[in-house]
Amino acid sequence: MNNKFKFITFAIISLFFSKLVSAEVAPGFNSWDDVKAAAEGQQVNVYMWGGSDAINSFVDDFYGVPLKNDYSITLNRVGIAGTIDAVNQVLSEKEAGITEDNGSIDLIWINGENFWTLKQAGLLYGPFATGLPNSKYVAWDNPAVNLDFGRSVEGMESPWSSAQFHFIYDSARNNYEDMPRNYGELSNWISNNPGRFTYIKPGKAGFVGTRFIKQIFFELSGGHDQWVGPYNDELYTKWAPKVWRLLNSWEENLHRSGETYPANNADMHALFANGEVDMSFTQSPRGAGPTNSSGTTPLTSRAFSFFKNMIGDFNYWAIPYNAPNKAAALIYADLVLEPILQAAQVQPANGFCCGWGIGTDKVTNLEGIAAIKDAQNNLGDAAEDQGILAKALVSDIAAEYQDKIEADWFANVLLK
Amino acid sequence: MNTNLKKINIYAIYLGAFILILPLIAFFINAFSFRWFYPQLVPKELSLQAWVRLKLIPKIDNRSFDNFLELWLSNPTIIKALLNSLTIGLIVTIASIIIALPAARVLGLLNFRFKKIIIFIMISPTILPPIAFVLGLNINFISLGLSGSFFGVCLVHLVPIMPYVVLTMTGIFANYNPDFEHQARTLGANKFKTFYLITLPAIAPGMVVAALFAFLVSWSQYLLTFLIGAGKIMTLPLLVFSTASSGNPALTAALSIVFIFPTILILFFASKFVTGDSSAKYGLGKL
Amino acid sequence: MSGDRLKIILSLTSPLLIIITLFFGGIFYGLLQSLGYQPAIQKYDINFDAYYNVMFSERYAKLFWTGLGLNLWVSFVSTFLAAAFALFGALAIRKTFFAKTFCNFIYSLNLPMPHLVVAIGMIFVFSQSGLLARMSSQVGLIGSPSDFPILVKDKYGLGIILTYVWKESAFFFIILMSVLQSLGENFEELAQSLGANKWQRFRYVILPLIMPSLFSASIIVFAFSFGAYEVPALLGISYPQMLPVMAFEFFLNPDLNARSEGMALSIIIAMIVMILVIIYFWLIQSKIRKN
């Protein structure tokens with residue numbers, strides 16, 4: 001007993017000591033001033049999913065400009081079809097022996113499985129996230145932040161924003177009160193409205209569809225709690241057949257009888273907008289707001305949420321081990337956590353409209369508080385009641401579930 | 001009877017032309033409409049929003065010439081992609097002609113052993129699909145540092161282009177009489193003068209066809225650029241492809257118009273050259 | 001003589017070098033990787049696991065064989081329909097005043113349109129909420145989008161076929177027109193004066209003359225539609241899925257072992273194309289010899 005206590009004390013002291021000795025903010029940098037000095041004049045190559053031009057122009061306008069003006073860093077945003085492409089690039093570079101600082105990617109917008117692939121292979125730079133000055137605004141004590149799909153973040157990625165799954169309907173076609181509020185009600189809704197519902201094909205491009213299916217697991221098994229933590233094969237095998245049975249029972253009443261499924265959220269919005277189906281999915285706290293103003297859904301579209309089991313998650317920035325401009329990457333990862341810029345990403349008028357990456361209660365300066373308040377007041381009537389969303393919020397689960405669900409859905413529902 | 005048949009033929013032509021032009025109509029309506037959903041046949045809201053979002057036209061309140069210039073010079077993705085496509089296309093076209101010229105001359109004018117085998121090797125990329133070689137090439141290019149480089153992309157574009165350029169120009173040289181060159185040389189013209197005054201005018205029409213074809217193939221190349229460019233070399237087809245899956249038809253349509261407009265223009269002015277019989281025509285099926 | 005030889009070698013070196021190193025080199029390296037030889041992840045043994053996995057494993061067999069079926073169906077039907085439409089069009093209008101206008105029209109509007117753009121156009125026109133569906137709804141033919149036939153992103157690859165026919169019939173048309181124009185009318189007039197009817201003139205005079213061009217054009221169209229990626233990627237569905245899309249998805253998988261499968265699939269595609277082209281060649285040759 002005593003020995004154990006001694007050991008722990010020793011460990012804590014030595015940890016503290018080692019921190020003092022090296023005093024690193026991130027590997028290779030002793031102070032934030034070092035980072036700033038090294039970053040000057042660098043070009044930061046940011047690899048991110050480029051499918052939303054609202055997000056693209058937000059990054060260019062809100063990060064590109066201050067990076068140039070305040071830090072003399074040039075932003076090179078590289079739009080990719082999926083994060084997987086960036087992961088592949090890092091893997092291919094490793095395979096081709098391009099290590100040290102000779103890679104091509106400085107930052108990847110990442111979470112979940114892609115993060116785990118790179119972290120596990122030791123292809124990430126860090127830990128750096130807790131060393132960023134603005135890390136003080138991040139709610140690191142919240143499992144939804146420090147676990148990414150059930151895996152420890154351990155400072156190898158730094159948060160950007162958050163999102164929560166819920167639904168879109170068209171108020172010109174349906175009433176808010178008539179929309180289903182759990183999967184049981186959804187089943188009835190589907191059989192009463194044949195051909196009017198579909199969901200996104202689970203897969204690399206359609207993680208929203210995978211999420212839709214994970215939530216069925218939570219509801220059928222009676223709750224989300226047992227799914228937290230490492231992958232549990234017994235649990236999965238117990239409930240999976242029941243989920244496939246439910247999905248197959250829907251099939252005849254789905255859009256096109258389940259012969260095809262939309263490949264991503266954009267496809268699903270298109271079906272919804274043209275009146276081919278009556279619901280779509282959204283991840284934005286503003287509900288149907290962003291798509292209404294970009295013109296991809298009808299102006300009468302609104303949001304609704306189930307009362308339980310709506311998965312929310314954080315997304316992050318990670319730096320590959322062979323990033324050529326690590327200092328500039330650190331500056332960028334820090335910049336996006338600035339409270340004013342965080343408020344700007346939630347502010348509907350700016351078009352990005354993702355959720356918070358920081359804990360808003362941790363912000364103490366007046367300017368930041370005012371900006372945050374203003375953003376929250378502007379979410380608009382295309383959004384679901386924030387209270388309902390908050391009550392329904394559950395965290396995402398271990399990344400293995402995603403792989404399993406995607407492969408098994410393919411075999412048990414699509415190929416059936 | 002015969003006039004009836006003729007009438008049917010003419011209607012068939014009109015129908016064919018209509019079907020051919022229908023997608024183009026759809027592109028133009030989509031590109032200038034906003035919230036154009038089923039069942040509207042004519043859009044209720046006309047808008048330039050897609051062009052504004054592509055950063056080709058400034059926002060509504062400041063559309064002066066200076067604002068246009070400023071916007072374009074701020075180097076938005078679409079301008080970057082347009083310039084990349086254009087530069088790669090021109091480099092590849094010029095390079096393929098220069099490389100193919102001597103080979104085509106030899107193949108067209110001389111007979112030698114292994115000629116058939118050499119031609120067979122030369123045309124093999126026209127039959128086997130690009131996916132068969134580019135996946136294997138990808139790793140090699142990464143380790144050579146050619147992946148993600150401008151040069152690497154140009155190099156790989158040469159593969160589908162080379163066979164057609166060589167074949168087309170071989171065809172020209174097969175009907176070409178080199179005796180004129182000898183005469184010019186005996187009359188005292190030097191090598192360059194001979195080429196410039198005798199050879200070039202004779203092969204120019206065919207060369208235009210080959211060049212045109214080379215440029216079009218490079219311009220519309222997606223798979224090779226995507227894999228060898230490694231996301232760093234953005235060209236128009238890559239932009240069109242990724243936008244097509246982002247669910248905004250107006251944006252996709254506007255981009256597609258930017259993508260096809262230059263080629264339509266080129267072919268419109270060059271169509272009189274293409275009508276001759278040449279091997280390059282067989283490449284047009286693969287654009 | 002040896003000067004000529006040197007000239008030949010020097011002139012041919014650079015284009016051959018490009019084709020051999022890039023094209024055949026790429027195929028060779030793909031073949032090595034498909035056999036499991038991946039020095040980058042310390043794998044040096046040669047085996048056929050990837051081929052077996054793709055074709056016979058429980059996980060992929062169904063996807064592969066249905067994909068192969070779809071591939072053959074799409075390529076054969078598109079090639080045949082495109083050739084048939086073009087032949088019909090060319091024979092119908094070659095003597096009319098419109099012929100030249102129509103040719104120019106195709107030259108400037110169809111040929112420069114990349115397949116990628118045509119595929120997008122097909123979505124705009126033929127999808128269940130596309131231009132044609134909206135026209136049908138305006139005239140009261142259909143009520144909701146689901147009443148319109150499923151023509152794109154369908155399990156029979158109709159959208160893919162539509163794209164190829166739209167593009168390739170114009171290509172065939174151009175080829176045929178140039179042959180027909182170069183033939184002139186003497187042959188036919190001769191046949192007519194000998195008392196041949198319209199069908200006989202087509203069957204015994206025109207067809208044999210245009211056969212070689214029709215033949216090479218259809219090989220190109222077939223091979224292209226069998227191995228192309230963009231069109232099925234945009235207009236296809238996940239099951240059944242055409243083989244090039246399947247190969248590319250394997251390749252993009254972060255699991256490096258899946259790369260062998262992707263390479264194996266692309267080699268299989270290349271082999272099938274080669275075999276079919278050889279068979280086709282052989283059939284046509286023996287037919288020509290018979291005639």
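Chain A, in this predicted model, has a secondary structure that comes to 16 helices and eleven strands. Its radius of gyration is 22 Å, close to the 22 Å that the globule rule gives for 416 residues, so chain A is as compact as a globular protein of that length. If you look along the principal axes, the C-alpha atoms of chain A fill a box of roughly 65 × 55 × 45 Å. Of the 416 residues in chain A, 53% are buried, and among the contacts that join residues at least 6 apart in sequence, 81% are between residues at least 24 apart.

Let me stay with chain A for a moment and turn to one of its sheets. Three strands form an open sheet here, in the order 8-7-9, and the pairing is antiparallel. Strand 8, residues 279-282, and strand 9, residues 301-304, stand at the edges with a single partner strand each, so one side of each is left without a neighbour in the sheet. From one strand to the next, the twist averages 35°. Strand 7, which covers residues 166-170 of chain A, pairs with strand 8 in the antiparallel sense over four bridges, and in strand 8 the residue that stands opposite A:His166 is A:Thr282. Packed on this sheet you will find helix 10 of chain A, residues 265-273, which touches strand 7 and strand 8, and whose direction makes about 145° with that of strand 8.

Now to chain B, which is divided into domain 1, residues 2-73, and domain 2, residues 77-286. The centres of these two domains, taken over C-alpha atoms, are separated by 30 Å. Where they meet, 13 residues of domain 1 of chain B are in contact with ten residues of domain 2 of chain B. On the domain 1 side, helix 1 (2-31), strand 1 (33-34) and helix 2 of chain B each supply at least two residues, and the largest share, four residues, comes from helix 2. That side of domain 1 divides into eight nonpolar, three polar and two charged residues.

Is B:Thr170 buried or exposed? It has 21 C-beta neighbours inside 10 Å, and because a count of 20 or more is the cut-off, B:Thr170 counts as buried. Leaving aside the neighbours within four places in sequence, B:Thr170 is in contact with B:Ala104, B:Leu107 and B:Gly108.

Helix 8 of chain B, residues 179-186, is hardly covered, since the count of buried residues among its eight residues is zero. Just after helix 8, B:Gly188 takes a positive phi of about 105°.

Finally, we come to the place where the two chains meet, and here 20 residues of chain B are in contact with 30 residues of chain A. On the side of chain B that touches chain A, at least two residues are supplied by each of helix 2 (49-53), helix 6 (131-143) and helix 12 (249-274) of chain B. The largest share of that side, three residues, comes from helix 6 of chain B. By residue type, the side of chain B that touches chain A divides into eight nonpolar, nine polar and three charged residues.

Terms used. Residues numbered from 1 in each chain as written. Chains lettered and ligands numbered in written order. Predicted model: local features only at pLDDT ≥ 70, side-chain atom pairs only at ≥ 80, totals over all residues. Contact = placed C-beta atoms within 7 Å. Nonpolar A, V, L, I, M, F, W, Y, C, P; charged D, E, K, R; others polar. Rg over C-alpha atoms; globule rule 2.2 N^0.38 Å. Buried ≥ 20, exposed ≤ 12 C-beta atoms within 10 Å, placed from the backbone. Pairing = 2+ DSSP bridges. Axes fitted to C-alpha atoms, helices over the stretch in contact; angles between N-to-C directions. Domains from an automatic or database assignment.
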